[in-house]
Amino acid sequence: MIENWARRYFPYPEFRTHQIKAIEFIFKVFLNGRIGLLSSPCGTGKSVSVLTAYLMAREVEDIGKLFILTRTKNELEIYARELQAIADNSKAFLRATLIISRQEMCPLVKEGRFAAERMDYRSFLAYCSRLKKASKGSSCPYYSRVFKDWRPSKEATAFLEETCVNRVLMPEEFYEEAISHGMCPYELTRLAAADSDVIIGNYNHFLIEEARRSIFARSRMQMDSVNIVFDEAHSLPSAAMGLLSDEVSTRTVSRAKKETVKYGVDDRGFLKLFKSFMEGLGKKAMKLVGIGENHVLSREESSLTNFLRLSENSVFEILDFLREESDKIVLLKMESGKPPVSYIARIVDFVERWVSEDYEDTVKYARVDEDHGKKVFRLGISSMDVSKTTRSLNKVRSVLLMSGTLWDFDYYRDVLGLDERRITTLSLPSPFKRENRLIIVDKSVTTKYELREEMVYKISDRLNRIIDSINGRIAIYFPSYELMEKVSSRLKTDTPMIKEDTKIRVRQVLKFLTENDKCITLGVARGKISEGVDLTSEGLSLLSAVIIVGLPYPKRNEMHEALLKYYDKKFGDKAFEYASTAPCIVALAQMAGRLIRSQNDRGIIIIMDSRVYGKIRKKLPQDWQEDMEAYLKIENLVRDVNRFFQSNQRVK
Ligand code: SF4
């Protein structure tokens, strides 16, 4: 019955394997107002399933709008294409608005009217807001064509009627259309959202409270009447954690100091003292943990008020004064056509948080980096309680968290602070043939003691043998850059190789892979080429093998110790699992997931770490547990790799 019903909207002739189960699950989540956790591997057609299920649930009752949150623009565009396919096929047109960031959609940025790259997002918002208010004579021409006396202009209304009916525009298309009418694309998308059934944005549009409020207000959405989907939700904990962190360097303080001189601001010596506070803590960090590592500060160490011998009120008085001065500086800069950035404001924001946040879940740290031979001192603040940003999901009408690798539902429930009573879960197996991939575990090595030289030699030797036996493209992933360097320097192969570094671009790697039939990419766990990238060409995976050297446990350092301590209080005996094992499994699944992207792909996953057979194994999907083959002798491993590629049969 569900199948026939779904066919009314589903735009393709055939459902994919397990797709009907996914549609039914999502339909029930939407209809019954649940929090659904869906693990649905690559190839099950999750995006179109969400839209089909939403249309079905709307038939039963008015369930409100659908707000889909993606991590990348690419993912956002997949939804746009599926919406158009549904409209073309079933005539069920859902009005949809695709929202990308204001900065990306601002024509003034594209025209180079100010240096957006030198402006953080918050400063940009303040700048835009000032232009909209037309303060001090400056105004935004694109904005004033969208609104007249704070109401949508006739041109804007006509534009939306003409452009958004029966068509789902990609962000670029919408941008071009809006610009050709001289109107601000971002403000137009916000207007369009008010009449849309489906709004598609990125994680920040929900996780950042100010952004959420603004979008909800414009789109006429209420928390208790909206249905939210987080796509690729395995990355939700780390994305939320990132939003709770902030860092400043002594370079920013120096720039702020220069600003005080240039604009005649008497900071009463505050910036100089703050800089010496940073340097003092940095020197201590360097001594204790070395360059490039965070040293977690105790409450006493991190107390700026003690260092300054001032009360909290006195510090806030100074900060208030500096904030007023920085506002004036921004206006002056705007008037003279300069980037409206104030470094003083940046320092004020950070110090305010540093002084006022003293919670159990907050960690403050100092670090020293080296840049072109010069030392840069940094202070950072981070919250370890991810649920601060995600527990508001409990107020939402229905929520769907989905990913191909949402393997440990308890972890997401607890860490994100989701209401257990509303949770429902579904885990689907891979739709692809199991015989198309071989999962090998090399049990003779481990990176548990990664710094031991003999283990590095052993891993390199075995890798050399494995690489020789694979006539195709291989992605090799390491738990750290350090280990990648050590092992790669011992690889003896003429095969072309590309190595991930902080500057590498995904398109560079894709070009390299398409130009070389036999080659190697070296990357790190949680890096640019191990997660959320499609290493494919025309829908087919470019890889023949993924080799994971060592389990990607988070690095054991002071930050991790602080997290373990906090989780110990919060989650008791689950502390290690949530702080270490779960993130390790997410990274492992993501790296392995680069291999098979379609039903015609075939290849080998090799995990070089005996610890897979410990706690990790029980957390892996059933098909993985059944298919994993352990090897001790490299001869046997290489023999079976050869057999796999020579035959179309699964090797036992
Ligand atoms: S209103 Fe639009 S065009 Fe004007 S500054 Fe803001 S984002 Fe840019």
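Reply: A residue is called buried when its relative accessible area is under 20%, exposed when that area is over 50%, and partly exposed in between, using a 1.4 Å probe and protein chains only. The model is predicted, so local features need pLDDT of at least 70 and side-chain atom pairs count only at pLDDT 80 or more, while totals for chains, interfaces and linings use all residues. Numbering starts from 1 along each chain as its sequence is written, and side-chain values use heavy atoms, with hydrogens and water left out.

Helices are DSSP runs of H or I with at least four residues, and strands are E runs of at least two, numbered from the N terminus. Helix 29 covers residues 634–646, and its 13 residues reach 18 Å from first C-alpha to last, close to the 18 Å expected at 1.5 Å a residue, where the expected span is 1.5 Å times one less than the number of residues. Its buried residues are Ile634, Leu637, Val638, Asp640, Val641 and Phe644. Because they cover an arc of only 165 degrees around the axis, they lie on the same side of helix 29, the arc being that of the directions from the helix axis to the C-beta atoms.

Turning to the ligand, the shell around the ligand draws at least two residues each from helix 6 (107–110), helix 7 (121–132) and helix 8 (141–146), and helix 7 gives the most, with 3 residues.

Elsewhere, Glu300 lies in the loop between strand 9 (295–296) and helix 17 (304–308), and Glu300 counts as exposed because its relative accessibility is 60%.
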